[in-house]
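Colleague: I have a chain open and would like to talk it through with you. Could you take me through it slowly?

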Amino acid sequence: LTATGVVAKYPQYDATGGVNGGPAIVCTGGQSMTLSAALRTTSGPVTVMAVYNDTSPSDGFRYIIDSTTSRRMIEQMTSAGQVGYYDGTAHRTIAPALRGAQCVTWTLQSGTGGRAYRGRMDLGASTTSYTEAAMGGSPTALFSDRGLATQFAHAKFDRIIVWNKVLSASEL
């Protein structure tokens with residue numbers, strides 16, 4: 001999908017500022033992009049992987065992805081400083097946040113809830129089930145809340161990849 005910077009909220013591009021000296025999109029709190037189409041137009045399981053360097057100065061709601069349809073969110077951290085997601089009803093926390101370079105993967109599937117991984121390490125699961133839904137609508141935002149107003153990521157992002165399934169242990 002094509003991501004377009006929101007006027008007056010453009011993130012910066014750094015050709016060598018990412019993990020291991022690679023390129024990165026730099027968000028310092030206040031930047032946002034919107035996607036050209038839905039991440040997932042139908043319901044079903046999903047895996048989202050983000051490679052980033054967490055530079056957040058504080059714990060707060062920091063959205064990596066926020067979809068308008070069904071309000072499915074992937075969160076860098078929540079107000080308690082934890083990796084999590086929003087399932088359309090409540091914010092679900094999984095594991096403590098960690099500053100610095102990392103690869104975090106979220107798997108979301110009906111009946112089993114959400115799981116998170118940092119690298120290949122299983123961080124655990126949320127305590128409640130996940131109701132599968134589309135991750136779409138306009139705008140589907142990257143690095144902020146769907147209103148492009150208050151909940152901004154604070155990191156250098158190398159990659160965000162989405163699969164329409166839950167990856168197996170060997171795929172992870």
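Modeller: Let us begin with a term: contact means heavy atoms within 4.5 Å. This is a predicted model, in which local features need pLDDT of at least 70 and side-chain atom pairs count only at pLDDT 80 or more, while totals for chains, interfaces and linings use all residues. Residues are numbered from 1 along each chain as its sequence is written, and side-chain values use heavy atoms, with hydrogens and water left out.

Colleague: Okay, which residues is Thr-47 in contact with, leaving aside its neighbours within four places in sequence?

Modeller: Thr-47 is in contact with Thr-105, Trp-106, Thr-107, Ile-161, Val-162, Trp-163, Lys-165, Val-166 and Leu-167 once those neighbours are set aside. The side chain of Thr-47 also reaches the backbone oxygen of Lys-165 at 2.6 Å.

Colleague: And where is Thr-47 found? Does it count as buried or exposed?

Modeller: Thr-47 is found in strand 5, which covers residues 46–54; strands are DSSP runs of E with at least two residues, helices are runs of H or I with at least four, and both are numbered from the N terminus. Thr-47 counts as buried because its relative accessibility is 0%, where buried means under 20% relative accessible area, exposed over 50%, and partly exposed in between, with a 1.4 Å probe and protein chains only.

Colleague: Switching to the whole chain, how many helices and strands does it have?

Modeller: The chain has zero helices and 14 strands. Its radius of gyration is 15 Å, close to the 16 Å that the globule rule gives for 172 residues, so the chain is as compact as a globular protein of that length; the radius is taken over C-alpha atoms, and the rule is 2.2 Å times the number of residues to the power 0.38.

Colleague: What share of the residues count as buried?

Modeller: Of the 172 residues of the chain, 48% count as buried. As for contacts with a separation of 6 or more, 61% of them join residues 24 or more positions apart.

Colleague: Now Asp-87, which strand is that in?

Modeller: Asp-87 has its place in strand 8, residues 82–87, and Asp-87 counts as buried because its relative accessibility is 7%.

Colleague: What lies 2.9 Å from a polar atom of its side chain?

Modeller: That is the backbone nitrogen of Thr-89, and the backbone nitrogen of Ala-90 lies 3.0 Å from a polar atom of the Asp-87 side chain. Leaving aside neighbours within four places in sequence, Asp-87 is in contact with Arg-71, Arg-72, Arg-92, Ser-129 and Tyr-130.

Terms used. Polar contact = N/O pair within 3.5 Å; in protein donor to acceptor, adjacent residues only side chain to side chain.
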